[in-house]
Amino acid sequence: MMTVQEFAAKIRESDEIVVFTGAGISTESGIPDFRSPGGLWTRYKPVTFQDYLSSEAARVEAWKRRLETHEAHKNAKPNIGHYFIQSLDQKGKLIGLITQNVDGLHSEAGLADDKIVELHGTNRRIICLKCNKSFDPDEVIRRLVGDFSSPKCDACAGILKAATISFGQAMPPEAMRQAQEWTEGAAVFMVMGSSLQVQPAASFPVLAKRNGALLAIINREPTPLDEYSDFVHHGAIGEFCGRFGEMIADG
Ligand code: NAD
């Protein structure tokens, strides 16, 4: 296992870095993750894609949950972790960022769209499942008052859904292809804030390592891939990036 100084030296000399983020990078922006104690997982069973398609009750339940969190998530701001990744790109070191998050905070931190793959889609858009028309979440959510029924497309009456990938829904092929290409080209693959328990996303660090990348994991809790990694830090991302950002500042 490398020391943090050795890892910093690798980051300073590499211009082929891929970063992979999960919900843990956004908890310090006030968006809860799924699997930490008290996380969303412990309170809510996910609505699967099949349930969403077939059951009005499931759709209403999904929108009720969205209503509870919409304002807080909309107002969330990127934190030092998101800016750290953006700074790697500014230094010409980043091949790309692969994220499991749907909160849009990497874009808001200034990272260019062509450097971001959102494996699980985005919450910042609502789409019609029939005609693909795209809607601003605020407009759709504003209409959900009282005993509402699930929103429908104003063009074709199709079912509307957040542009996220739900359990049971196929992974987006172009995002998967791009993520795989970046991963295979990585000299350093850095995981930040993911429990690495969700497939197929968690397979990317394994692919990177098999292709000879240095694998680093920054996460508060242990992950199943810690033993397989070259550098592991168990702690808060904000605190780590503060110190680590200074260590690589000359790179
Ligand atoms: P996860 O909830 O399974 O795991 C998050 C990990 O981050 C945990 O292991 C936790 O220990 C760690 N963590 C939390 N806060 C941290 C911090 N400040 N510093 C360091 N580590 C921290 O998340 P996941 O692996 O990303 O998978 C959850 C799924 O849920 C994803 O597929 C994602 O699509 C979705 N999700 C997204 C968001 C979001 O967009 N912000 C939020 C919740 C869930």
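Tutor: Start with methionine 192, which touches Val19, Phe20, Thr21, Gly22, Ile25, Phe84, Ile85, Ile218, Ile237 and Cys241, leaving out residues up to four places away in sequence. Contact means heavy atoms within 4.5 Å. This is a predicted model: local features need pLDDT of at least 70, side-chain atom pairs count only at pLDDT 80 or more, and totals for chains, interfaces and linings use all residues. Residues are numbered from 1 along each chain as its sequence is written, and side-chain values use heavy atoms, without hydrogens and water.

Student: Which residues touch the most other members of the largest nonpolar core?

Tutor: Met190 and Met192, out of 25 residues in that core. A nonpolar core is a set of buried Ala, Val, Leu, Ile, Met, Phe, Trp, Tyr and Cys residues joined through side-chain atoms within 4.5 Å. Buried means under 20% relative accessible area, with a 1.4 Å probe and protein chains only.

Student: New topic. How many aromatic pairs are there?

Tutor: The whole structure has six. Rings of Phe, Tyr and Trp (its six-membered ring) pair if their centres lie within 6.5 Å; planes under 30 degrees apart count as stacked, over 60 as edge-to-face and the rest as tilted. Phenylalanine 7 and phenylalanine 231 are stacked, at 4.7 Å centre to centre and 15 degrees between the planes.

Student: Are those two buried or exposed?

Tutor: Phenylalanine 7 and phenylalanine 231 are both buried.

Student: Why does phenylalanine 240 count as buried?

Tutor: Because its relative accessibility is 1%. Phe7, Phe84, Phe231, Phe240 and Phe244 form one aromatic cluster.

Conventions. Buried means under 20% relative accessible area, exposed over 50%, partly exposed in between (1.4 Å probe, protein chains only).
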